Amino acid sequence: MSRFKKHRTWPLLLISFSMTFTISLIVFAALKMAPFGSSSILANDSAVQYVDFFTYLKHALMGTAGKAYSFSNSLGGGMYANWTYYLLSPFNLIFVLVSRQAIPVAMLFVTALKYSTAALAAQVLASHRYGKNWYTLVFSVSYGLSGFLIANFLNIMWMDGVILLPLVILGIDRLFEEHRLIPYVVPLSLSFITNYYIGFMVAIFSALYFCWQWASHHQPQLLRKIALFVGGSLLSGMIGAIVLIPTYLALSASRLSSAGADFTIKPLFSLIDLPSKLIPDSFNFAQLSNGLPNLYMGMIALLGAVFYFLAPAISVRERLISGVMTVILMLSIWLNPLVIMWQGFRAPVWYLYRHSFIVIFWLLLLGLRGLANLPSVSRLRMIIASVVVGGGVFIPTAWRMGSHKYVTLTNLVLGGVLLLVAAILLYSWAHHLFPQKWVVGGLLTLLVLDMGANAYASLKAISFISKADFTVTSKALNAAYTEAKTLAPNTFYRVNSDTQRSMDDPYQYNFNGISTFSSVLNTSTINALTNVGAIGSAGRVKNNDLTWPLESLLGVRQLLLVNTQSTKTTTPEYQQISSRIIDNPRYDLPAYKLIGHNDYFNIYQNPDALPVATQIYRKVPTQVQANPVLQQNAYFSTFTPETIGAIFTTTDFSGITVDNVKPLTTLTNAIATKKDKKLGATITLNVNPSTEQRYLVMGENMRKNMAISINNVPLKNDPDNGSKTVSLPIDAEKPTTVTLTFNRNIDQIDLDHFALYTLNRQPFEQAVAAAKQHAPKQVVKNGSVTLTTRQNNSGYIMLTIPYEKGWQVDNKQVKIQNYRGFIGLKVSSTNLKFTLSYHTPGIKAGWTVTSLGLIGLIALAFLEYWPRNGKHAILVNWPARFRKMWQ
């Protein structure tokens with residue numbers, strides 16, 4: 001701060017922060033986001049992931065949820081990777097201070113704070129370079145409200161790295177200027193810690209920027225600076241090891257365990273489309289999933305970046321090398337292998353160009369230096385350059401207007417006006433055509449209007465969920481889960497519901513559930529659940545349409561269903577809640593017992609729910625057909641010492657009628673083909689009346705390509721992977737009709753795993769009774785399971801907890817194994833008491849390396865800052881002979 005006091009630049013820090021914060025709040029208020037209106041800042045992932053993780057953070061820090069391990073993480077899972085990806089920002093402490101219902105409002109203010117802090121950090125860098133000049137505000141505000149940050153308003157966990165990037169670059173500048181390492185090491189370490197993913201991108205750019213500094217300017221004592229940079233980077237990695245090492249091991253069981261990315265050398269878009277991202281409002285919802293890089297930085301900064309290359313006051317060498325650097329960064333958002341490299345060598349799901357903030361930052365750096373040297377650019381050059389920029393941006397954008405729905409005549413005109421006014425004002429300032437105060441005032445006003453208009457127009461294109469969508473649903477679900485806990489036994493159990501605000505409801509309402517949605521979800525969890533009949537894909541598993549046998553197997557003791565007999569069915573609150581039903585009708589509900597209800601939900605108990613740990617009499621078969629009911633057959637068959645019949649057996653349909661479909665001799669795994677591709681096609685199946693519970697299994701391919709209905713009631717479908725099982729009505733008199741209708745433009749469908757199954761109650765009840773009778777005594781908590789086995793036990797125990805390498809056992813007579821994705825135990829046949837406990841893999845190594853790094857940081861701080869004679873740089877007070885080696 002003394003540096004800023006000395007140069008009197010601290011007011012600009014305050015102005016930059018305040019200006020960005022004010023613009024952000026005005027935009028949010030104009031969009032009527034709570035607390036300013038009936039909308040909210042929640043959309044897409046922030047609505048169905050992040051708000052729940054922030055609530056989990058509150059639960060965890062208050063001691064009511066597991067920290068290292070949580071059974072809210074689907075069937076159970078280590079939480080370290082979730083912490084390091086979502087939750088380590090210091091801004092997140094704000095969520096702990098507010099009520100759970102107020103977290104969406106807190107997210108709005110945190111977003112504004114992060115925008116403003118990014119501007120503040122950029123202003124620190126700009127003021128270090130150019131003091132208190134007006135154009136430093138252009139750099140900082142344009143960075144804080146850049147197209148990347150506006151487009152990623154929902155991904156607020158990425159913003160800490162964006163905030164720290166200017167400070168990392170300032171640290172490199174000071175390394176070159178003063179041979180100091182602390183200003184570089186501290187922000188780079190923090191970027192690894194607050195979000196390792198963005199920190200990885202910051203580290204790559206740091207290396208590129210160091211090379212640019214070295215190449216573009218004469219550098220005395222070069223070897224010394226290289227050694228300092230490499231040493232400082234390694235020290236930063238050591239300090240961040242507490243995050244990096246355990247997270248890497250966790251990702252090895254999730255994202256890194258999947259197939260590698262496609263590194264084919266190919267462009268990802270046509271370069272003629274890129275100028276469209278340099279005009280305001282060049283964003284809509286489609287751009288989130290599969291759009292172009294978000295590069296908007298405002299017209300003043302854009303012109304400044306162009307003028308940089310025309311300024312004679314800047315050496316030709318620097319401009320040439322900056323041009324090379326610009327080309328490299330542009331290639332990094334255009335060529336597929338380079339894009340994948342920036343993403344950690346894995347193709348991301350949505351938000352492809354997550355490193356585009358690096359490109360914006362670099363262009364803003366050029367713009368800052370270009371504006372600082374603008375008076376050296378001749379009038380003719382300025383006029384020609386402005387015309388070329390206008391033509392280069394607006395001609396291809398207008399030409400490709402039909403291909404980009406976000407480009408409209410309105411934003412073309414707006415962009416043209418902003419560019420024209422910016423060019424006139426910059427020309428006037430550089431050549432003193434009018435009083436400078438007036439011109440500077442006009443430029444800063446233009447800056448506010450430019451960045452504010454882009455922020456408003458871009459966010460207006462997004463569909464935000466309403467305030468009531470969160471508060472009403474969340475309040476009702478929280479009340480239901482709270483009441484369910486009062487009706488529950490003291491032993492461990494899981495809960496399921498037909499209604500869901502998000503897949504991360506277990507985090508939000510702090511219960512042991514089934515579903516979860518996380519970018520770092522363990523692959524074994526996904527595989528274990530999809531094998532037995534849940535729906536899932538990379539990063540998520542769902543709890544919809546689980547069946548009575550499956551819920552019993554997984555220990556789901558309570559089931560919450562919307563109360564259809566409520567007296568409040570006509571109220572807006574009830575309608576809001578019922579709109580969140582995710583299940584198809586539960587025709588197997590008679591197996592459950594109603595134990596409680598309120599105005600919105602009925603609470604049922606499953607008397608057949610199994611304990612987490614069950615004794616099994618033979619290992620789970622490893623080769624089972626990829627059919628969920630056959631998988632369940634395999635599991636239930638292990639619970640009894642004697643062989644019992646299958647709990648599911650196939651049942652023939654009583655009749656089949658086809659319309660515009662070629663004759664079928666069988667159904668399961670058959671290929672259904674249209675006769676006439678131009679017409680619709682249906683398959684109608686009849687099921688005889690029965691008092692037995694029957695289930696219909698539908699494979700992934702047919703689910704995605706057919707509309708399916710039962711007794712003319714359409715089934716809710718699901719785009720994720722896996723076969724789905726739904727219950728059929730139990731009716732002793734009326735037959736059931738199943739109708740399969742080809743989706744439009746589909747001519748041929750694989751009826752994968754499609755079959756009708758009957759639940760055989762006798763073997764099912766035998767298996768359940770045996771599993772409960774022979775189960776070991778157990779105490780299950782987040783991160784620990786204490787078991788006491790019986791004398792003369794079978795020697796095998798299975799836990800419906802996903803297998804992870806972090807589990808350890810305190811008894812050498814017990815061996816942990818992987819039973820098709822679940823934890824398996826090989827135990828001695830004697831009476832044993834032992835505890836399984838979860839320890840985050842790599843945590844000890846991470847702490848050790850980080851401790852060494854912190855010791856190194858303290859020693860470095862002593863070397864750089866302890867002397868009081870003004871010579872603080874590292875190596876200054878070292879022996880001259882050693883120092884001379886590096887000069």
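Helix axes are taken here as lines fitted to C-alpha atoms, over the stretch in contact, with angles running from 0 to 180 degrees between N-to-C directions. In this predicted model, the axes of helix α9, which spans residues 159–178, and helix α18, which spans residues 356–372, come within 11 Å of each other and cross at roughly 45°. Because angles from 65 to 115 degrees count as roughly perpendicular and those under 35 degrees as roughly parallel, α9 is described as oblique to α18. The crossing of α9 past α18 is right-handed, and the contact is formed by Val-162, Leu-165, Pro-166 and Ile-169 on the side of α9, together with Phe-357, Ile-358 and Phe-361 on the side of α18. Sorted by class, this contact of α9 with α18 comprises seven nonpolar residues, with no polar and no charged ones.

The largest nonpolar core contains 169 residues, and those with the most contacts inside it are Phe-205, Phe-357, Trp-362 and Leu-426. Helix α6, residues 103–130, supplies the largest share of this core, namely 14 residues. When residues up to four places away in sequence are not counted, Phe-205 touches Leu-165, Ile-169, Met-325, Leu-329, Trp-342, Ile-358, Phe-361 and Trp-362. Another core, of 43 residues, lies apart from the largest one and includes Ala-528, Leu-610, Phe-639 and Tyr-819.

A further position concerns helix α27, residues 628–636, in which Gln-632 lies. Gln-632 is classed as buried because its relative accessible area is 2%, under the limit of 20%. With neighbours within four places in sequence left aside, Gln-632 is in contact with Val-532, Thr-547, Pro-549, Leu-550, Ile-647 and Phe-648.

Methods
Residues are numbered from 1 along each chain as its sequence is written. This is a predicted model: local features need pLDDT of at least 70, side-chain atom pairs count only at pLDDT 80 or more; totals for chains, interfaces and linings use all residues. Side-chain values use heavy atoms; hydrogens and water are left out. Helices (H or I, at least four residues) and strands (E, at least two) are DSSP runs, numbered from the N terminus. Angles under 35 degrees count as roughly parallel, over 145 as roughly antiparallel, 65 to 115 as roughly perpendicular and the rest as oblique. A crossing is left-handed if the near helix is turned anticlockwise from the far one by less than a right angle, and right-handed if clockwise. Contact means heavy atoms within 4.5 Å. Ala, Val, Leu, Ile, Met, Phe, Trp, Tyr, Cys and Pro count as nonpolar, Asp, Glu, Lys and Arg as charged, and the others, Gly among them, as polar. A nonpolar core is a set of buried Ala, Val, Leu, Ile, Met, Phe, Trp, Tyr and Cys residues joined through side-chain atoms within 4.5 Å. Buried means under 20% relative accessible area, exposed over 50%, partly exposed in between (1.4 Å probe, protein chains only).
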